[in-house]
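Let's work through some exercises together, one step at a time. Keep the sequence and the 3D view open while you read.

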Amino acid sequence: MDSDGTRDTQGTHTNPVPRPAGPQDAGRAPAEAAAVPPRPKLPPGAPPRPDGSAFLSWLRAPRPEAAPGVWRFRYTPRPEEEPERIPARQLLSGAFIAFLVGWLVWSLLWNGYLGGWWVVPLELFTPDSWRHSDDRVGNAVLWYGYYTLIALAIMLVVGRLGRWGEVWRRYGPRAWTQAATPGAERPPAPEQDPAQWPHLRAAGAHDAADRLAADARAGLMGDVDQARIARAWQGVRSGRHSMASFSAAVVKDGAAACLHPSGERDLPARHARHDLVTGQVRLGTTADDPRNPYLYRGTGLALGPELLGTSLLAVGPAGSGKSGALVRPLAESLCLHALAGRASVVVVGAAGAGLGPADSYDVVVRIAHPESVYDLDLYGGTTDPDEAAAIIAEALVGDLADPPPGSDSRRSTTVLAQLLGPFKAVHGRFPSVPELRQLLDGAPGPVAALRKALTATGHESLLRELDARERQMGHPGDVGAVLADRIALLDRPAFAGFFDTSGQSRPFSLKALDHPVRVRIDLPERGHADASRILARLVLAQFTASVTVRDDRSLFACLLLDDATGVVTPEAVRAVQRLRSANAGVALTLRTLDDVPRPLRGPLLGATGCRMAFAGLTPWDGQDFAEVWGKEWTEARDVTDRQIIAETPAGKALHVVRQVITGKAPTARAVTVRQVERERWSASELAHGVPAGHAVLSLTTVKGEHAPPLLVDLRGGAGRV
């Protein structure tokens with residue numbers, strides 16, 4: 001420590017910036033002053049920065065086109081039909097027997113047991129002077145050359161019979177070499193190298209491409225950075241952004257250009273394997289099972305926006321892995337897509353369901369938690385009283401409506417519109433939960449005050465709406481009482497600080513799904529189960545209403561609803577069917593299909609393109625899946641063993657010897673092959689034939705491509721690439 005209180009930079013390097021020369025340096029030699037070391041590139045004690053080799057290897061990895069659901073990262077295409085693979089024992093024994101047969105034939109020819117006919121071709125096609133000349137070397141070359149040709153012909157014939165080529169391919173040096181050292185990937189040509197950003201260079205943005213390539217080589221770029229900049233470049237190509245602003249931002253910030261509004265470039269932690277080039281998240285491995293098509297056996301199983309765009313329904317008992325093996329990887333993947341500017345995601349589940357840390361989200365709405373920073377907009381950000389009434393009616397009594405378009409849902413919407421419209425005209429906002437409850441109960445004070453305000457402002461049409469509501473209050477069967485009872489579930493002390501409409505809180509509205517936002521909504525579970533179901537229906541109704549009216553539908557929007565018990569309503573099923581055209585989708589999980597009204601089970605399974613049945617499914621749930629997955633034509637082999645009866649003494653003796661050796665009576669086997677139509681997966685197989693940690697999953701892409709039901713092992717999907 002110097003006398004002026006500053007730490008000397010020589011020796012300790014605690015302060016990497018050299019201090020200005022002071023009076024205490026007057027007596028120092030010039031050489032000593034010039035010996036100050038250069039400023040280090042990294043803070044003291046920091047680990048060295050990794051190079052970009054791992055990222056470049058990931059970026060250049062092959063990703064061939066594949067069937068729906070196949071993990072494309074370094075995927076090796078397989079034939080659609082399983083080739084006939086001979087068992088190793090049969091193959092090796094056949095090859096050895098063929099060798100013995102060839103050796104026997106050659107020995108018989110060489111020793112003259114088969115006569116001399118095999119040298120007739122030589123005598124016919126060569127002159128006598130060649131065969132009977134005095135040139136011993138020439139004679140030896142001629143005759144032994146012919147012997148070699150005959151031996152090669154014998155080897156060729158027995159080699160084909162014994163499948164020596166298959167033995168060489170399976171057990172030869174090349175097979176051992178490939179197994180010991182997997183084939184190295186050849187670096188692509190510069191014009192095809194994604195690390196060189198050829199599409200930017202083709203458009204003339206050479207400076208931006210050089211900066212990105214340099215950051216990639218230096219280890220400053222990650223998979224989210226690559227996906228985010230590629231998404232920004234798509235905006236340039238579509239005309240949403242200018243080339244000049246994009247190039248300037250990339251040249252200035254490099255891999256940190258075009259950041260997400262949160263400023264984050266990655267998630268705090270990852271628990272699943274992701275490939276942002278294809279947009280996939282790996283869930284597991286397709287089992288090597290005869291019921292799976294050969295094309296899928298042993299391949300990775302992955303989901304992406306092209307599959308989630310058709311929506312997903314997963315059914316399985318508690319503890320089967322719906323949250324950990326499905327919802328959390330999907331939430332993690334969609335959060336990465338949001339950081340890349342590709343998607344917006346809303347994750348809804350019970351508090352403590354393990355749907356990812358709060359740091360992975362931009363907005364965390366913890367309903368009924370006093371420390372929640374954000375509130376939930378009860379009306380979804382809409383300013384139209386009719387739209388708000390439809391959303392609130394769906395949330396409150398959607399589960400009470402008849403499965404066909406019944407009158408209850410329409411009447412509930414009408415009742416709410418008769419109150420929301422006049423209230424908004426007077427106050428400039430929608431009523432809060434206590435105010436709406438009072439209006440639905442028909443409390444004299446609030447209704448009279450609303451009438452007086454409408455009269456003072458001259459809203460005669462809205463007065464007629466209020467008069468109609470007052471006339472209906474006294475009639476039996478008025479749905480206002482049911483609505484008041486349901487809204488009372490939200491008018492509890494635990495929700496006192498939520499659903500504020502006065503502007504004093506920070507409400508989150510699902511209208512924000514026009515932006516790449518990451519949202520997690522925690523529902524209260526203990527003591528408020530009915531309120532949680534109302535809120536889940538509210539979020540689903542707001543989501544389906546918001547995403548279908550977006551101006552920019554290039555951003556994929558997805559709602560992940562963990563435990564959709566009591567959420568599936570007739571209007572919800574119709575809304576899910578409309579999401580595919582809006583570049584949006586939902587993922588719903590259920591413990592059992594009994595949580596869905598019986599008339600809605602078929603329409604729900606038909607509205608979702610991806611269906612997933614976890615291990616432990618009940619037989620009656622399996623029956624619904626078996627019906628929606630249908631049947632297929634398969635080969636049935638009927639084998640019949642018929643005992644052979646010998647008629648001669650020699651035959652009887654031979655049968656006795658054979659029975660003594662094998663322990664079985666001599667039989668003749670007859671095989672009958674026929675085409676039969678069978679269920680792809682029966683209810684019994686789904687209930688009892690799916691191992692723990694597995695699921696049966698069928699897929700449909702937004703383009704209409706299908707994947708049959710696949711048995712998937714979900715225990716191998718974790719692990720970060």
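**Exercise 1: a histidine and its surroundings**

His337 has a relative accessibility of 3%, so it counts as buried (buried means under 20% relative accessible area, exposed over 50%, partly exposed in between, with a 1.4 Å probe and protein chains only). Before going on, note that this is a predicted model, where local features need pLDDT of at least 70, side-chain atom pairs count only at pLDDT 80 or more, and totals for chains, interfaces and linings use all residues. Residues are numbered from 1 along each chain as its sequence is written, and side-chain values use heavy atoms, with hydrogens and water left out.

Task: find the helix that holds His337, then list what His337 touches.

Step 1. Look in helix 14, residues 322-339, for His337 (helices are DSSP runs of H or I with at least four residues, strands are runs of E with at least two, and both are numbered from the N terminus).

Step 2. Leaving out residues up to four places away in sequence, His337 touches Leu276, Gly279, Pro305, Arg342 and Ala343 (contact means heavy atoms within 4.5 Å).

Step 3. Now zoom in on Gly279: its backbone oxygen lies 3.2 Å from a polar atom of the His337 side chain.

**Exercise 2: a strand and its partners**

Step 1. Strand 10 (residues 556-561) runs parallel to strand 5, with 6 bridges joining them (two strands pair if DSSP finds at least two bridges between them). Here Val345 stands opposite Cys558.

Step 2. Strand 9 (residues 518-523) is also joined to strand 5 by 6 bridges, and these two run parallel. In this pair, Ala350 stands opposite Leu523.

**Exercise 3: an arginine after a strand**

Task: is Arg715 buried or exposed, and which residues does Arg715 touch?

Step 1. Go to the segment after strand 16 (706-713), where Arg715 is found.

Step 2. Its relative accessibility is 60%, so Arg715 counts as exposed.

Step 3. Not counting residues up to four places away in sequence, Arg715 touches Ala692, Gly693 and His694.

Methods
Polar contact = N/O pair within 3.5 Å; in protein donor to acceptor, adjacent residues only side chain to side chain.
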